[in-house]
Amino acid sequence: MDGQRKALIVANDVYDHEGLRHLRSAAADAEALAGVLGDPQIGGFAVDVARNRAAHDVGAQIEDLFSESRPDDVLLLHFSCHGLKDESGELYFATRNTRPNRLGSTAISAAFVQRCIRASRSRSIVLLLDCCYGGAFSQ
């Protein structure tokens with residue numbers, strides 16, 4: 001297998017909006033996962049951690065991860081953050097600048113992630129969701 005192993009860990013434990021409480025373990029969990037995945041004896045992944053970034057930055061990193069892949073690449077995307085649903089039930093992943101009343105422009109939609117995954121050339125993709133409503137992703 002000649003493919004690369006790439007991981008993007010999105011972790012948000014601090015939020016600008018006062019309605020989103022800070023998460024205690026998101027950053028520590030992200031660092032621990034990055035250590036395991038990045039260890040050449042265990043995971044062997046090239047790991048990028050996006051911690052407390054704005055939605056537009058995270059979205060660009062997600063799109064880069066999936067759009068620059070090859071069929072033999074193994075890709076892993078991990079979210080550790082608040083999961084929010086809009087009035088129609090669509091799932092969003094909260095970022096630092098998320099405003100619960102403006103999810104479309106300030107959070108990462110599950111639909112966006114699904115589109116990126118479907119457009120990827122990689123045949124091996126792992127998605128880990130550590131958030132509320134994670135089960136709504138497949139819907």
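**Terms and the values behind them**

Mentor: Let us begin with helix 2 (residues 55-67), whose 13 residues should span 18 Å at 1.5 Å a residue, and whose end C-alpha atoms are 18 Å apart, which agrees. The expected span is 1.5 Å times one less than the number of residues, and helices here are DSSP runs of H or I with at least four residues, strands being E runs of at least two, numbered from the N terminus. This is a predicted model, in which local features need pLDDT of at least 70 and side-chain atom pairs count only at pLDDT 80 or more, while totals for chains, interfaces and linings use all residues. Residues are numbered from 1 along each chain as its sequence is written, and side-chain values use heavy atoms, with hydrogens and water left out.

Trainee: Which residues of helix 2 are buried?

Mentor: Ala 55, Val 58, Gly 59, Gln 61, Ile 62, Leu 65 and Phe 66 are buried, a word that stands for under 20% relative accessible area, with exposed meaning over 50% and partly exposed in between (1.4 Å probe, protein chains only). They cover an arc of only 165° around the axis, which puts them on the same side of helix 2; the arc is that of the directions from the helix axis to the C-beta atoms. The face turned away from this buried side carries the exposed residues His 56 and Ser 67.

Trainee: Why is strand 1 described as largely enclosed by the rest of the structure?

Mentor: Strand 1 (residues 5-11) is described that way because six of its seven residues are buried.

Trainee: What joins strand 1 to strand 3, and what joins strand 1 to strand 2?

Mentor: Two strands pair if DSSP finds at least two bridges between them. Seven bridges join strand 1 to strand 3 (residues 74-80), and these two run parallel, with His 78 as the bridge partner of Ile 9. Strand 1 is also joined to strand 2 (residues 46-51) by six bridges, again in parallel, and here Leu 8 stands opposite Asp 48.

Trainee: What makes Arg 51 and Asp 13 a salt bridge?

Mentor: The term requires a side-chain nitrogen of Lys or Arg within 4 Å of a carboxyl oxygen of Asp or Glu, and the closest N and O atoms of Arg 51 and Asp 13 are 2.9 Å apart, so the pair qualifies. The pair links distant parts of the chain, with Arg 51 in strand 2 and Asp 13 in the loop between strand 1 and helix 1, 38 residues apart. Asp 13 counts as buried at 9% relative accessibility, whereas Arg 51, at 42%, is partly exposed.

Trainee: How many salt bridges does this rule give?

Mentor: The count comes to four, and among them is the pair Arg 70 and Asp 73, whose closest N and O atoms are 3.5 Å apart. Asp 73 has a relative accessible area of 0% and is therefore buried, while Arg 70, at 37%, counts as partly exposed.

Trainee: Which strands are the edge strands of the open sheet, and how do you know?

Mentor: Three strands form that sheet in the order 4-5-6, with antiparallel pairing. Strand 4 (83-85) and strand 6 (107-109) are the edge strands, as each pairs on one side only. Three bridges join strand 4 to strand 5, where Lys 85 stands opposite Leu 91.
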